[in-house]
Every structure is written in C-alpha cells, then in structure tokens.
Amino acid sequence: MGKKSRNKGATFERAIAKKLREWLGDDWEVKRNPTDRQKGKTGAGEFEIVGPFDFPFAIECKAHESFEYSQLFKIPVSGPFESFWDQAKRQAEAAEKAPLLVFKRNNGPVLVAVSCKGFWPLVAASGVESVHSLLRLYDYDCVVIPLEVFLELQPSALYELTADK
C-alpha cells in the first residue's frame with residue numbers, strides 16, 4: 001500500500017473517530033489504533049473505544065476507489081465488499097465483538113455494514129420503530145445503512161448489547 005493510500009485511510013479513520021466521539025458523548029474515549037494493534041481484544045479494529053461499559057463492536061474502516069455502490073445490489077455482491085467484510089469479521093471474532101464496517105468510495109457517502117446479530121438488538125434497544133435506507137445482504141448476514149442513519153440510534157442502547165453477554 002502506498003503512502004497516499006495510507007494517508008487517505010488515516011484521514012478517513014480520523015473523521016470516523018470524530019463522529020463516534022460526538023455520537024458516544026463525553027463518557028467515552030475513542031482512540032485510533034496503530035496498524036500493528038488492530039488485532040485482539042484491546043485492539044478491536046481501527047479504534048480503541050473505552051467507556052462506562054464494553055463497546056460491542058470491532059470497527060473496520062475502508063475508503064476505496066474501486067468500490068462502487070451499485071456492487072452491493074448485484075447478486076452475488078461484486079467488488080471489494082466481500083474482502084472488506086471478511087476482514088471486519090476476523091477482527092471482530094478475535095476481539096469477541098460484533099463486526100462493524102464503515103466504508104465508502106472516494107468522495108462518496110459513508111455506509112455502515114453491521115452484522116444482523118448486532119444490528120437488530122441495537123435497533124430494538126434504541127426504541128426505533130423502523131430504520132430507513134436499509135439494505136440487507138443475506139449472503140453476508142449483515143445490513144448496510146448510511147452512517148448518518150446508524151448515528152441516529154441511541155448510543156445508550158449499546159449497553160443492552162453488552163448486558164446480555
């Protein structure tokens with residue numbers, strides 16, 4: 001991976017970290033993990049997230065030029081999504097968390113893919129009756145939504161996901 005690509009990824013990760021901090025609030029600390037610490041429980045994906053209870057997701061971020069949004073609507077899904085999702089799942093399994101993939105095409109809208117196992121309980125605990133702009137990818141057992149829609153869910157509902165462990 002070239003320096004320009006690494007810088008683009010780091011810039012995207014910083015932007016996502018900022019949005020997570022705003023969403024989670026002052027009781028939470030969101031730090032970017034160095035690349036060599038993105039495995040295991042303490043380095044669950046791109047961020048180390050510490051707060052009043054265990055954060056239930058391992059987050060993987062991808063900003064990629066070869067990704068096209070239309071690829072998500074093909075059967076089977078084409079393009080790099082499968083490798084993105086596989087990486088997110090591997091990191092989540094190592095950390096004993098649910099995978100959460102934050103991804104976008106260069107200069108495009110940011111999407112979130114989250115496992116159905118992690119997403120539906122979060123929606124229920126948030127008291128949301130319906131979620132708009134949702135795409136379910138059955139082959140991957142995940143849902144894809146815009147980041148803004150994900151951030152409309154109540155972060156306090158994250159506790160419900162960890163209380164059941």
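Reader: Why is E68 called partly exposed?
Author: The relative accessible area of E68 is 34%. Buried means under 20%, exposed over 50%, and partly exposed in between (1.4 Å probe, protein chains only), so E68 counts as partly exposed.

Reader: What should I know about the model itself?
Author: This is a predicted model, in which local features need pLDDT of at least 70 and side-chain atom pairs count only at pLDDT 80 or more, while totals for chains, interfaces and linings use all residues. Residues are numbered from 1 along each chain as its sequence is written, and side-chain values use heavy atoms, with hydrogens and water left out.

Reader: What makes E68 and R105 a salt bridge?
Author: The closest N and O atoms of E68 and R105 are 3.1 Å apart. A salt bridge needs a side-chain nitrogen of Lys or Arg within 4 Å of a carboxyl oxygen of Asp or Glu, so the pair qualifies. The two residues come from distant parts of the chain, 37 residues apart: E68 is in the loop between β3 (57–63) and α2 (81–95), and R105 in the loop between β4 (98–104) and β5 (111–115). These elements are DSSP runs numbered from the N terminus (helices: H or I, at least four residues; strands: E, at least two). E65 joins E68 and R105 in a network of salt bridges.

Reader: How many salt bridges are there in the whole structure?
Author: The search finds seven. Among them is K31 with E29, at 3.7 Å between the closest N and O atoms. K31, at 39% relative accessibility, is partly exposed, and E29, at 44%, is partly exposed as well. Another is K62 with E60, at 3.4 Å from N to O; there both K62 and E60 are buried.

Reader: How do you know that the buried residues of α3 are on the same side?
Author: Helix α3 (residues 116–126) has C116, G118, F119, L122, V123 and S126 as its buried residues. They cover an arc of only 165° around the axis, so they lie on the same side of α3; the arc is that of the directions from the helix axis to the C-beta atoms. K117 and A124, on the other side of α3, are exposed. An α-helix has 3.6 residues a turn, so residues three or four places apart point the same way.

Reader: Which residues have the most contacts inside the largest nonpolar core?
Author: F57 and I59 do, in a core of 35 residues. Helix α1 (residues 3–24) gives the most to this core, six residues. The term covers buried Ala, Val, Leu, Ile, Met, Phe, Trp, Tyr and Cys residues joined through side-chain atoms within 4.5 Å. A second, separate core has 16 residues, including F84, W85, L101 and L137.
Author: A disulfide is a pair of cysteine sulfur atoms within 2.5 Å. The structure holds zero disulfides. C142 has 0% relative accessibility and counts as buried; C61, with a relative accessible area of 6%, is buried too.

Reader: Why does S115 count as buried?
Author: The relative accessibility of S115 is 10%, so S115 counts as buried. S115 is found in strand β5. Leaving aside neighbours within four places in sequence, S115 is in contact with W85, A98, P99, D141 and C142.

Reader: Where does A58 lie, and why is A58 called buried?
Author: A58 is part of strand β3. At 1% relative accessibility, A58 is buried.

Reader: How many helices and strands does the protein chain have?
Author: The protein chain has five helices and seven strands. Their order from the N terminus is α-β-β-β-α-β-β-α-β-β-α-α. Of its 165 residues, 46% count as buried.

Key: Contact means heavy atoms within 4.5 Å.
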